[in-house]
Amino acid sequence: MLPKSWIEGYLHFLLRRRVLVSVMVGIGTLFFIWFTATRLTIFTSFFDLMPPKHPYIQLYIKYRSMFGTANQLVMVMETQKGTIFDDPEIIRKIDRITVDLLQKVPGVNGEQVISITHPKLKTTLTSGSGIKVVPLMYPRLPEDKEDMDFLRQKIYTTEGVRGFFVSPDDKATLITAGFWEEYFDLNTMWDRLQEIVKREEADGKVKIYLAGPPVLYAYFNQAIGKMGYVFLATGLAMILLLWFYFRSVQGVLIPVFSGLMSAIWGLGFAGLCGFTLDPLVLVVFVLITARALSHSVQSMERYHDEYHAVHDKHEAIIRSYTALFPPAMVSIVADGVAILTIAVASIPLMQKLAFVASFWIISIFLSVVTLHPIILTYVRPPKDQPAQRRLSDRFYEGVSRGLIALGQGNLRYAVVVLFAVTMIFGLYFAHHLKTGDTEPGAALMYYDHPYNVAFRKLNEKFVGVASQLVIIAEGKKPEAIKDAKTLNNIELFARHMTQGEGANGNLTAATLLKKIYRTFREGDPKWEMLPTRDDHIGQLFYLLTAGTSRGEMDRFFSADYTNATLTILYKDYNNDIIHSAIDRAKAYIREHSSPDDSVRYLLAGGLLGILAATNEEVEWSYRVNVPLIFFVVFLLSFLTYRSVVGALIVMIPSLVAQPLSEAVMYLMGIDFNINSLPVAAVGIGIGIDYGYYVLSRIVEEYEVVPDFDEANRRAILTTGKAILFTGSTLVASVVFWLFFPLKFQAEMAFVLIMLMVFHAIGALVFIPAMVSLLRPRFAVERGGQRAAAVAVQAGAGGGAA
Amino acid sequence: MPKGKFEPSWTARWFTCAVVAVVAGAATAIRGATPPLGERIIDNLYSTQFVSANEGWTVGSFGSIFHTGDGGETWRPQASTTYEQLFGVSFADAHNGWIVGRTGLILHTANGGEKWERQKNTNEKHLFSVSAVDAQHVWAVGDWGVMLASSDGGQTWQDRSLDRDVILYAQSWPDSQHGWTVGEMGTVLVTSDGGQTWQDQASGTEKTLFSIHFADLKRGWACGLDGIILHSEDGGATWKAQRGNTEVGALEQIGVAEAMENASLYDITVVGNIGYAVGDIGSLFLSTDGGVTWARQEIPRDSKLGWIRSVSLVSGTHGMFVGANGLMIRIAADNVEVSGRK
């Protein structure tokens with residue numbers, strides 16, 4: 001790595017020009033403060049969870065009007081006793097809610113409010129004399145049993161009402177409202193909805209469930225409000241840890257300063273790039289801040305050691321930072337590059353995280369490695385401490401005796417076997433890990449959260465309202481779908497999809513045209529077919545659109561009759577069903593498309609299409625990302641040690657920890673999801689440091705005492721403590737997220753903690769035994785090369801207490 | 001090769017691979033050819049006919065044909081080689097059957113549906129009903145007054161279409177000489193010479209009739225729009241309404257509730273003392289006195305939404321209703337109860 005003379009030259013420069021450097025860094029910091037203050041926005045966009053370059057998402061964006069608004073409130077009202085047709089009060093409740101949605105909730109798009117009491121839901125009455133179209137509530141809101149029976153009959157006989165707005169068991173009804181994005185007022189909406197729910201549930205007759213993106217946003221906002229507590233707890237824990245470690249104000253303030261400065265640089269960088277910072281991934285940033293703290297602590301610890309040895313501030317600074325520079329660089333670069341690899345996932349949330357987090361980590365080079373030497377020249381040198389035994393020392397001495405034994409004699413073999421078994425165990429179960437939970441509600445909230453309860457109720461009562469797969473039939477020429485053959489083909493395709501697993505029905509332009517055709521043939525179901533002649537198709541389209549307002553038919557076909565949708569309704573879905581539905585569609589298109597067709601079929605919209613895209617992207621990214629991180633880390637390790645064996649030994653903790661944490665996820669029923677992407681990168685990036693510490697210290701000690709057993713013993717006694725402190729700082733920084741009300745953060749924190757603990761264990765248990773058995777040549781060779789020792793000697797910087 | 005150590009030759013390895021491939025391929029092919037039993041039936045079903053208590057067929061949209069050999073307990077799809085809607089099925093016996101459908105489609109089987117073959121018909125009008133009087137004599141009727149007849153088991157079909165535009169929905173043939181057909185605007189036509197000539201009968205209504213059934217040469221029933229059931233005791237010379245109003249009234253006069261109560265009836269049959277009439281909104285009427293009086297029956301809740309388009313009854317005790325979205329309801333033995341079937 002870097003020659004010692006360069007490093008010393010740099011440090012001398014820093015100390016000589018400390019004012020200039022401080023001012024420069026200060027200006028940079030002000031610059032980033034300004035960007036943080038003016039340009040940084042903290043906001044969650046669920047669109048950021050989707051890969052915008054994926055063809056399905058591009059299709060969704062292109063044909064957004066045909067897929068219906070995404071910002072839709074869905075309200076399920078379920079009776080506590082009997083059916084909705086038993087009590088006129090239930091219908092009055094529906095009517096009150098409908099009117100309130102239209103009049104009292106801001107931002108509601110009046111065109112997109114639908115319920116069984118809204119006049120928009122109409123029924124067609126057929127008799128010998130002809131056809132009459134009336135609202136479902138015709139002639140009035142029901143008042144007695146006779147009215148209720150009549151209403152039931154109308155609902156039973158109207159296509160598209162039962163199953164969609166009234167559940168098949170008659171116990172629940174659906175009310176939906178779309179929102180204008182530009183007039184949307186989340187807080188007022190939420191307050192009004194709470195009032196409505198409270199008012200209508202008061203008599204105990206009904207239970208109301210709220211779902212849909214607006215509600216998800218509202219719950220999400222509520223939870224975000226509680227983030228302050230997590231930050232407070234984390235901050236206090238950090239300060240306490242620092243106090244216990246240094247027992248001085250200085251020892252607390254300097255690391256906190258570094259952490260804050262890096263945070264400002266990171267946040268400012270996000271502002272500079274115009275990224276919105278997503279509260280969903282704040283866990284990672286908190287962890288990086290902890291990372292800055294631990295770097296700071298290690299360097300100060302080393303400085304204190306050197307100062308106690310030489311009693312000269314300037315000399316102590318040069319000595320300690322010369323030793324620290326190389327491992328700190330390797331560690332920071334490894335962290336930074338590892339996290340940058342997340343950018344391979346073309347999911348905006350992940351890409352923004354990758355760039356911001358990477359910059360944030362690299363900034364530690366300034367906030368700690370560059371600024372600390374300068375700061376230390378200004379502050380008083382540490383007092384001579386009485387040789388007090390800290391709590392952590394006593395605890396660690398006990399543990400270390402056991403660890404040392406593991407790296408010697410025959411126990412070494414047992415450790416190697418344990419390594420192999422753990423890895424095989426990990427790989428075996430990790431292999432079963434399934435993708436899941438990409439549906440926003442399930443990914444964000446706990447299973448029992450009211451949102452997920454409501455979403456499940458919606459899926460249980462109303463087939464396919466929430467879970468649809470939409471396929472676009474894109475016309476190759478104008479009016480492409482005004483053609484009997486094309487409509488027939490669309491219908492056949494939709495029917496083929498409906499026969500697939502989990503599917504329960506479909507809706508296409510053909511469905512609507514057939515209903516009209518039937519109605520005009522005295523309602524005989526045999527006439528529920530498409531006419532054979534194109535001009536008859538044209539007439540039916542005319543009849544269909546004549547009574548509707550503009551845009552009402554967009555969900556089925558475009559106003560110029562060029563494009564159409566195939567909506568497949570699913571009664572249940574999971575990753576397997578989504579996969580099989582997409583495969584089924586692809587196979588059908590492959591087998592049935594010909595160049596003469598007037599439309600081409602494009603996949604896929606609807607909830608299932610979006611989930612399929614996200615799943616595909618997350619799966620792909622993870623499979624690419626993890627090997628990429630391993631490759632990057634291997635490369636850096638190889639450059640550090642100039643040895644393949646050395647690089648592999650350093651990676652031992654990661655090689656065990658990664659599969660093992662995947663296995664634990666599988667066994668605990670945590671699905672693999674978008675969360676897993678940054679966690680692996682952050683976990684391996686940080687975990688690999690433990691490997692550096694342990695291996696570097698062993699090599700360093702081996703140079704002094706050319707005996708691996710003794711070198712192991714000394715390394716564990718010194719470096720082990722550094723790992724213990726670093727580990728506990730990092731765990732403390734994320735542990736409070738476990739209690740955060742959003743599952744997304746809690747799960748992410750849990751897996752991160754698991755990874756970091758496994759890494760620490762892996763480094764302390766496996767590396768000494770492996771070194772002892774393999775006796776790596778690079779270490780033996782270096783035994784004589786004292787000159788090269790500088791870099792490695794410092795490897796145990798933090799633990800040299 | 002050392003003794004006792006199994007070392008397969010390359011030929012043996014290739015042979016094994018080939019066998020595995022063939023078996024796997026065959027298994028896949030078989031699986032593809034015959035969908036597993038109990039496959040979900042989701043298509044609209046338009047017609048059903050049972051030739052015995054156990055054996056029956058039902059047909060519907062997208063060319064779907066299903067056969068049962070256990071009274072409707074389980075159904076197995078038969079290959080129709082078409083995606084057209086199939087509107088009518090009729091078997092002369094357990095082997096010879098016909099299916100008609102959209103755009104003049106006629107399918108025939110001589111082996112109980114093992115194989116269905118298309119029969120030549122140049123008239124492309126939709127055919128809504130087929131009636132196999134015996135293995136030789138078959139009649140099909142449909143849109144635009146189309147009437148097709150075959151007297152050679154469908155080898156050739158003669159076009160006997162009416163010279164007027166009336167949709168014919170159903171027919172009934174108590175024997176090969178006597179037949180009735182009904183359709184739009186209360187149309188009832190009768191023949192007593194095996195279809196050589198057809199005469200109009202006065203149904204007494206202008207409402208469309210969707211079904212007709214003659215138990216013998218005298219006693220017949222017809223049903224149709226607004227839930228009317230007509231009955232004749234004299235071979236169709238006079239018709240009397242058993243339920244519903246024969247007068248066409250404006251919706252405002254009838255009242256919406258009444259209109260809903262009297263949903264269209266699409267099929268009617270009487271065997272012995274038992275009669276069924278089925279229709280829209282899950283309408284189901286039962287007669288236990290040989291078609292003299294009719295009483296509304298409740299059907300399983302899940303089926304309420306859909307229409308029932310066809311009923312087939314064998315000796316009054318076994319049979320089937322079929323309808324919307326694969327709706328199938330078995331008529332259970334003896335006690336004439338209906339039970340839903342998923």
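Me: Before we start, what makes two strands a pair?
Reply: Two strands pair if DSSP finds at least two bridges between them. Strands themselves are DSSP runs (E, at least two residues), as helices are (H or I, at least four residues), numbered from the N terminus. This is a predicted model, where local features need pLDDT of at least 70, side-chain atom pairs count only at pLDDT 80 or more, and totals for chains, interfaces and linings use all residues. Residues are numbered from 1 along each chain as its sequence is written, while chains are lettered from A and ligands numbered from 1 in the order in which they are written. So the test for a pair is at least two bridges.

Me: Which residue stands opposite B:Gln171?
Reply: S13 (168–172) of chain B is an edge strand, pairing on one side only. S13(B) pairs with strand S14 (residues 179–183) of chain B in the antiparallel sense, over four bridges. Within S14(B), the residue opposite B:Gln171 is B:Thr181.

Me: In what order do the four strands of this open sheet run?
Reply: Strand S16 (199–201) of chain B is an edge strand, and so is S13(B). The pairing is antiparallel, and the order in chain B is S13-S14-S15-S16.

Me: How many residues in the contact of H10(A) with H14(A) are nonpolar?
Reply: Residues are in contact here if their C-beta atoms, placed from the backbone, lie within 7 Å. On the H10(A) side are A:Ile254, A:Ser258, A:Met261 and A:Ser262, which meet A:Ile364, A:Ser367, A:Val368 and A:Ile375 in H14(A). Nonpolar means Ala, Val, Leu, Ile, Met, Phe, Trp, Tyr, Cys and Pro; Asp, Glu, Lys and Arg are charged, and the others, Gly among them, polar. None are charged, three are polar, and the nonpolar ones number five.

Conventions. Contact = placed C-beta atoms within 7 Å.
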